[in-house]
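Please look over the model shown here.

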Amino acid sequence: LFAGAMTLQLLFPEFSLWMLISGIALLGGLYVIFGGLKAVMVTDTVQGILLLIVGTVIFVMVFIEIGGTWQAVNDAAPEGGMSVIKPADDDFMPWPGIFTGVLWLGFYYWTTNHVVVQKVLAAKSLDHGRWGALMAGALQVPFLFILVLPGLMGRALFPDLEESDHIWPALVFEFLPTGLRGLALAALIAALMSTMDSVLNGSASIAVNDFVKRRYKDLSEARLLLI
């Protein structure tokens, strides 16, 4: 909510953060309530395709702008910024943390997080669920180039940017024409909303199935859906 409002504030500076946060929450909440999991999955798919297209365009344009070489990308990174494995005394991510924290967080997210599990269980068949999970995992690789590296290269292009959260919108405004610019910001905000709508829908289903349904066994499906 905060990240989406930060982006919107670049377009509508006359609105305060709390007003934009409220607007995003209301809009996301409404289509989750009236559309349910199907609305979440349809909007997430559209948002994902948008983000892939726009992110690819931005990566190519920014890559060309900084020199079009991998060395230029390396030069834009802070010292040690291109390495995942940091020294053991690193403040942010010491290398033992990969084995004691990161791997377990990944295992938790992809196998037990209800936001992911709910979508897999809603698949049309076992194979559809498997293909969907494998595709989602495979998409983590292009997102490195679509989201992470443009922000890294943006350090070299906007060294004086006061708010680091504004780097992606700054690249959008600087390098994309008007039509694509609107599409890019829509994709970014939509992607942020997809996280919110998935959590809203997932937490609602957990509350109903694990608590309400167990206590009140005679409630109809329509009543449970309403709750």
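This is a predicted model: local features need pLDDT of at least 70, side-chain atom pairs count only at pLDDT 80 or more; totals for chains, interfaces and linings use all residues.

Residues are numbered from 1 along each chain as its sequence is written, and side-chain values use heavy atoms, with hydrogens and water left out.

**Surface patches**

Patches are made of residues with over 30% relative accessible area and no salt bridge; like charges are joined within 9 Å, and nonpolar side chains (Val, Leu, Ile, Met, Phe, Trp, Tyr) within 5 Å. A salt bridge is a side-chain nitrogen of Lys or Arg within 4 Å of a carboxyl oxygen of Asp or Glu. Areas come from the Shrake-Rupley method with a 1.4 Å probe, and for residues only the protein chains shown count as cover.

Helix α7 (residues 140–157) gives the most, with 5 residues. Helices are DSSP runs of H or I, at least four residues, numbered from the N terminus. Met82 sits in the loop between α3 (70–76) and α4 (96–111).

The negative patch consists of Asp160, Glu162, Glu163 and Asp165. Asp and Glu count as negative, and a charge is placed at CG of Asp or CD of Glu. Glu163 belongs to the loop between α7 and α8 (167–175).

**Burial of single residues**

Buried means under 20% relative accessible area, exposed over 50%, and partly exposed in between (1.4 Å probe, protein chains only).

| Residue | Relative accessible area | Class |
|---|---|---|
| Met82 | 36% | partly exposed |
| Glu163 | 33% | partly exposed |
| Phe59 | 17% | buried |
| Gln118 | 12% | buried |

Phe59 lies in helix α2 (residues 17–65). Beyond neighbours within four places in sequence, Phe59 is in contact (heavy atoms within 4.5 Å) with Phe145, Leu149, Pro150 and Met153.

Gln118 is part of helix α5 (residues 114–121).

**An enclosed helix**

Helix α8 is largely enclosed by the rest of the structure, because 7 of its 9 residues are buried. These are Ile167, Trp168, Pro169, Ala170, Leu171, Val172 and Phe175. They pack against α1 (2–11), α2, α7 and α9 (178–215).

Key. Helices (H or I, at least four residues) and strands (E, at least two) are DSSP runs, numbered from the N terminus.
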